[in-house]
Amino acid sequence: MSNTNQGTDILDFAARLCGEDRDSEILAALCAAAGAELEARLREGCSGAELGERFTAAAGILALSMYCALEQPGRLRSFRAGDVSAEYGGAGDADALRAVAERMLAGYLRDRGFGFAGVQG
């Protein structure tokens, strides 16, 4: 992500979503990573700078999803008292936020390994 102002805008947006109780250094690093990830996935001829606020919001939400994944690596799926055992599942909130960010830019992102295959019948 080459635009410094855009990086600052992404951080500002994500910080508003996170609220006061956050680690600013970690959030800044995640914002840079989110912006870079989305920029790399844009279709040829598109840039985050051209998409403006849409890109900023999507990158901020993606950064928030990364932040949530760090704070909540999984949800408790099962717990057993005998010999104490706990099983955690995936970070559903983080996955949902990532999906929102990707949907916001769906028309501008490259396909990720999806293709139709013909089946002879």
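1. Basis of the note. This is a predicted model, in which local features need pLDDT of at least 70 and side-chain atom pairs count only at pLDDT 80 or more, whereas totals for chains, interfaces and linings use all residues. Residues are numbered from 1 along each chain as its sequence is written, and side-chain values use heavy atoms, with hydrogens and water left out.

2. Overall fold. The chain holds 5 helices and 2 strands, where helices (H or I, at least four residues) and strands (E, at least two) are DSSP runs numbered from the N terminus. Along the sequence these elements follow the pattern α-α-α-α-β-β-α.

3. Of the 121 residues in the chain, 31% are buried; buried stands for under 20% relative accessible area, exposed for over 50%, and partly exposed for what lies in between (1.4 Å probe, protein chains only). The accessible surface of the chain comes to about 7900 Å², and carbon and sulfur atoms contribute 51% of that surface; the areas come from the Shrake-Rupley method with a 1.4 Å probe, and for residues only the protein chains shown count as cover. Among contacts (heavy atoms within 4.5 Å) with a separation of 6 or more, 64% are between residues 24 or more positions apart.

4. A search of the whole structure finds 4 salt bridges, each being a side-chain nitrogen of Lys or Arg within 4 Å of a carboxyl oxygen of Asp or Glu. One of them pairs Glu37 with Arg41, with the closest N and O atoms 3.8 Å apart. Because these two residues are 4 residues apart in helix H2, Glu37 and Arg41 are separated by about one helical turn. Glu37 is partly exposed at a relative accessible area of 22%, while Arg41 is buried at 12%.

5. From helix H2 to helix H5. Which side chain does Arg41 meet in a salt bridge at 2.9 Å, N to O? The partner is Glu102, and since Arg41 lies in helix H2 and Glu102 in helix H5 (residues 92-104), the pair ties together parts that are 61 residues apart in sequence. Glu102 is itself partly exposed, with a relative accessible area of 21%.

6. Arg98 counts as partly exposed at 25% relative accessibility. Through shared partners, the salt bridges join Glu37, Arg41, Arg98 and Glu102 into one network.

7. Negative patch. Glu20, Asp21, Asp23, Glu25 and Glu71 gather on the surface in a patch of negative charge; patches are made of residues with over 30% relative accessible area and no salt bridge, and like charges are joined within 9 Å. Within this group, Asp21 is found in the loop between helix H1 (4-18) and helix H2 (24-41), and its 71% relative accessibility makes Asp21 count as exposed.

8. Is Ser65 buried or exposed? At 3% relative accessibility Ser65 counts as buried, and this residue of helix H4 (residues 53-71) touches Ala94, Leu97 and Arg98, not counting residues up to four places away in sequence. Ser24, placed in helix H2, is partly exposed with a relative accessible area of 45%. The C-alpha atoms of Ser24 and Leu11 are separated by 9.1 Å, the two residues being 13 residues apart along the chain.

Note on methods: Patch = residues over 30% accessible without salt bridge, like charges linked within 9 Å, V, L, I, M, F, W, Y side chains within 5 Å. Lys, Arg positive; Asp, Glu negative; His and termini not counted. Charge placed at Lys NZ, Arg CZ, Asp CG, Glu CD.
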